[in-house]
Amino acid sequence: MTTPALLPLSGRRIPTLSPGASSFPHHRATLRLSEKFILLLILSAFITLCFGAFFFLPDNSKHKRFDLGLEDVLIPHIEPGKEGRHSGGQVIHGQGGHDEHRHREEEESLRDKIRADHERALQEAKEKLRKSKEELRAEIQTEKTKVAEDLKKKDGPKPLPPVPMPKLVGINDGDPGDPDVKEKRDKIREMMKHAWDSYRQYGWGHNELKPIAKKGHSTNIFGNSQMGATIVDALDTLYIMGLHDEFKDGQEWIEQNLDFSVNAEVSVFEVNIRFIGGLLAAYYLSGQEVFKVKAVQLAEKLLPAFNTPTGIPWAMVNLKSGVGHNWGWASAGSSILAEFGTLHMEFVHLTYLTGNPAYYQKVMHIRKLLAKMDRPNGLYPNYLNPRTGRWGQHHTSVGGLGDSFYEYLLKAWLMSDKTDTEARKTYDDAIEAIERHLIRKSNGGLTFIGEWKNGHLERKMGHLTCFAGGMFALGADGSPDDKAGHYLQLGAEIAHTCHESYDRTVLKLGPEAFKFDSGLEAVAVRQNEKYYILRPEVIETYWYMWRFTHDPKYRQWGWEAAQAIDKYCRVSGGFSGVKDVYSSNPTYDDVQQSFFLAETLKYLYLLFSSDELLPLENWVFNTEAHPLPVLHLGNLTLPGSQDQR
Ligand code: DMJ
């Protein structure tokens, strides 16, 4: 699902205090500069005083005679005639004049040592005072960093309890055999390399890339963070394509830089599907522990978003303070169906990997709550208020604001090795209502999915809605009343309609939304709906349809889209979205979206690979195209699952 990212957020900004952070060592490390100066002055004054006092002390040697009695007690007697070794390797022969000489020498050397020590201390203090403010500031900073690092080491990631790795099938080359198909696949790989290399060169560490301006980019879904969204989102695609050097490079960045203790308000949904999904997929594919650890660290930061009166999470959460809130534009302060309804896959895997029931419980709680609610016409509205637990506006969509909620019901069932029948039933019921109220055929014979707005059907379909073709095909097997054929057919019809939306443009790239009204079919009308921002949904549906039917037209359509992207969106600094797909001379939006690397190029690559690469019986792709393995739990139950029954 995509939220209108450009809309303003509600402006609640929260002062940040790191909860639970120990304050003492930080306090020590953060003495202010002025305090440091005063301390140094006191120290040097004290040293000077001691040094001076030392020279005014009476000469001890003059009183030696009176001390002898005491020394007789303290220094062991050496019997006459017997020889022994004493300090300094000097041979001592008995007592008397020799002893006095020895004492004087010892005192002298002790005095020399004290004098040298004091001089050194004085010198150090003087040097400190001679340093510029900048030098002192740098020293303090180094000290602070060291303390912070020591602390980090102490509180560093604890090893997670080992769990058996789920059965991982089909992590292979996926060579398609046919040289013509292979050539196409190589071309997609080359496009991925261009997108990655450009980001590597111009946007490294930023969330996304501006390929025209050749610099980093970000949007409000990531708050003001710089968390390398493109790196995390792209990892598994790199791995699948065999771009191992690039993968290693990304892994190193994550190991050294990916830190979630940032004062940034991020979208819970986006962070979940791109970061947690991306990290989990990278972990399962590569077996590298670091990805699992980072996914869990991040998930912990998202949990405070669930602290609402109903347990329906806020849309946004501040990663540092844990304070959450909703988008300012959402109906009546509501949370969004496609956001709080698109957490299940990742959260179940988190519980599986950590043994922590919290993740599983949070998403199951959402499911239970929704199951108890009335649904107008059997449809799920897009908006739900997390304070009152009541629906906002009665708008229903299989595109933006609703889409991946339905997708995750189906995928929850698939991911559970088809044991989560509750999820399957909820999916089937939802799709039945959608078919009844939202799916229609145009005069020209195109099947489309409209949007439901307060009892009225808007005959408009979004690019985002095009993913549903793949979803219907994926859900065909296991559908009630033996309607598998029907759903596969429905998937094919949606794929056809979405292909038409591409084919009826000048650039052969699909618009953001298209109408089926007043003689218009599958074309955008409003100027602000004519853009293409490198979205994957149409290609995603081609790929699912290809896997289920092997009809060559899907590869053909995918290839048309790939060529159009390469022709019209490729620039020297990467790939950019275009503002008008009906113009032969389009302008760029200057954004290389992270989902272009995560999804669009991955689905294209899979379309030209063999089915042995990541078979759908063993892998379920999250809504950002990150593959997660099916959990064959057998008789095992997830921690926390008993409490839910
Ligand atoms: C992706 O981030 C995800 O697929 C999401 O579910 C909706 N669409 C965008 C890309 O268009």
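**A helix pair and the annotated sites**

Tutor: Let's start with helix α7, residues 229–240, and helix α8, residues 244–257: they pack at an angle of about 150°, and their axes are 9 Å apart. Keep in mind that this is a predicted model. Angles over 145 degrees count as roughly antiparallel, so α7 and α8 are roughly antiparallel to each other. As for handedness, α7 and α8 make a left-handed crossing.

Now for the side that each helix brings to the contact. From α7 you have I231, V232, L235, L238 and Y239, and these meet H244, E246, F247, G250, Q251, W253 and I254 of α8. Sort those residues by class and the contact of α7 with α8 comes out as eight nonpolar, three polar and one charged.

On to the annotated sites. An unreviewed UniProt entry carries the "active site" annotation at E270, D403, E512 and E537. Take E270 to begin with: you'll find E270 in helix α9, which spans residues 268–286. The relative accessibility of E270 is 2%, so E270 counts as buried, given that the cut-off for buried is under 20%.

E512 sits in another kind of element, a loop, and this loop runs between α17 (484–503) and β16 (513–517). With a relative accessibility of 13%, E512 counts as buried too. What does E512 touch, leaving out residues up to four places away in sequence? Its partners are G462, H463, L464, E529, Y531 and R535.

There's one more annotation to look at, a "binding site" that UniProt, again in an unreviewed entry, places at T623. T623 is in a loop as well, the one between β20 (619–621) and β21 (627–629). At 10% relative accessibility, T623 falls under the cut-off and therefore counts as buried.

Of its 645 residues, 54% are buried, and E270, E512 and T623 are among them. If you look at contacts in the chain with a separation of 6 or more, 71% of them are between residues 24 or more positions apart. E512 gives you a local example of contacts away from its sequence neighbours, with H463 and Y531 among the residues that E512 touches.

Terms used: Residues numbered from 1 in each chain as written. Predicted model: local features only at pLDDT ≥ 70, side-chain atom pairs only at ≥ 80, totals over all residues. Heavy atoms only, no water. Axes fitted to C-alpha atoms, helices over the stretch in contact; angles between N-to-C directions. Helix = DSSP H or I, 4+ residues; strand = E, 2+ residues; numbered from the N terminus. Parallel < 35°, antiparallel > 145°, perpendicular 65-115°, else oblique. Left-handed = near helix turned anticlockwise from the far one by under 90°. Contact = heavy atoms within 4.5 Å. Nonpolar A, V, L, I, M, F, W, Y, C, P; charged D, E, K, R; others polar. UniProt positions renumbered as here; feature names shortened; annotations may be inferred. Buried < 20%, exposed > 50% of the residue type's maximum accessible area, 1.4 Å probe, protein only.
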